[in-house]
Amino acid sequence: MTTITSHCAKNANSFHGKENKNSRLSRKSMMIAISSLVLSSTSLTAQAATEMPVIPEVQGAVVQGDGDDYTLKFSIGTTQSSAQYRGLEYFEDIVEKRSEGHIQVELFHSAQLGDDLQAVSALQAGTLEMTAPSTSPLVSMFPQFAVFDLPFLFPTPEVADEVLDGEIGDRMLETASTNGLVAIGWAENGYRQLTNSKQAVTTPGDLGGLKVRTMQNPIHLDIWRTLGANPTPMSFAELFTALEQGVVDGQENPWITIQSSKFNEVQGYATESNHVYTPFITLVSERFWKKLPDGYQQLVTEASQQMGDYEREVSRSMNVQIKQELIDEGMKITELTPEQVATFQNSLAPVYDDWREKIGGKLIDDIRAVSQ
């Protein structure tokens, strides 16, 4: 176990997103270039406020449409300061420049047009063109998406990338391209971390009786109950006050959410558990999609994939910076050793037993095989 305290240093050929080999190599080259940019940006701004990598220059030829103009409203639930919104700005640049303005993109953040489920419903009704929700709210519509709520299934970001950008991710995009929706790409919400006001957490035993706020999600409830905690579903809007008043002892969210919500003001301890990895899935209204000429469909797909690659790099860069800022502000962050992670995994084996048949054993096994 390492405890860090405040004195430490700081698919383009079809709408399913399938790609040929050369396209995948091109995307991988882009990811490497962006990674270098992220590392450079992080080193230059380590002493400054949280900064995001520069939006890349738009590459690619102008795409010819049918002469008509289109308006594309893109709604998300996260804020204007999020990595996700930064990705949308890149998407907007690509689509507008490569369509020579024939597609105008309008961005809406902070659930201005409704939360994730409301936005998805608007896509189905044809009153909204695009959204990119987390997978968790879509489980009732696509039960396989519950795989992203299983604990410790994605041990590293690289494993998550390989799953999302490979054959498994393509299959899941096909699954989601129903019910009036077209799924064209992935980005990330990221790893969830545990905070609490009581003590450092390094073993399941440290969670005994701890009241942990969770989403109203059956797998998340199962996880914390199995670990011995007292999971307490609660609206996110009520969470800060509940933590401040001691109604709940802790919560779990990505570092970015922990800082932006100022949970560190009422939570002295955090564990970098990385216990659940959550992606964003990029969705288009099928009604809007069918109006677009083939060239514009391909353009929107390519832009979505480039947005997803860039957004993941922004997210990871921000997490590194924000974690250090939380440490500098006095939060005691515990990093679990591989042996400690294994202890949590072993304790959570019953969760996999309970959900294997409901989610699909083959899907779980395919994802596990990527990390072997």
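1. Basis. In this predicted model, local features need pLDDT of at least 70 and side-chain atom pairs pLDDT 80 or more, while totals for chains, interfaces and linings use all residues. Residues are numbered from 1 along each chain as its sequence is written, and side-chain values use heavy atoms, without hydrogens and water.

2. Largest pocket. The largest pocket holds about 1100 Å³ of space. Its lining has 36 residues, and G77, T78, N189, N253 and T257 are the closest to its centre. A pocket is an open set of points on a 1 Å grid over the protein atoms alone, with protein on both sides within 12 Å along at least five of seven lines; lining residues have an atom within 4 Å of a point. At least two lining residues come from each of α2 (83-98), α3 (116-125), β5 (181-191), α8 (255-260), β11 (277-285) and α10 (294-328). Helices (H or I, at least four residues) and strands (E, at least two) are DSSP runs, numbered from the N terminus. By class, the lining comprises twelve nonpolar, 18 polar and six charged residues. Ala, Val, Leu, Ile, Met, Phe, Trp, Tyr, Cys and Pro count as nonpolar, Asp, Glu, Lys and Arg as charged, and the others, Gly among them, as polar.

3. Largest cavity. About 80 Å³ lies in the largest cavity, a cavity being a set of grid points where a 1.4 Å probe fits but cannot get out. Among its 13 lining residues, L207, W224, L227, S273 and F344 lie nearest the centre. The lining has ten nonpolar, three polar and no charged residues.

4. Helix contact. The axes of α12 (residues 349-359) and α13 (residues 361-370) come within 6 Å and cross at roughly 110 degrees. The two helices are therefore roughly perpendicular (65 to 115 degrees). Y352, R356 and I359 of α12 meet G361, L363, I364, D365 and R368 of α13, contact meaning heavy atoms within 4.5 Å.

Methods: Axes are lines fitted to C-alpha atoms, for helices over the stretch in contact, and angles run from 0 to 180 degrees between N-to-C directions. Angles under 35 degrees count as roughly parallel, over 145 as roughly antiparallel, 65 to 115 as roughly perpendicular and the rest as oblique. Grid points are joined across faces, edges and corners, and a volume is the space filled by probe spheres set on the points.
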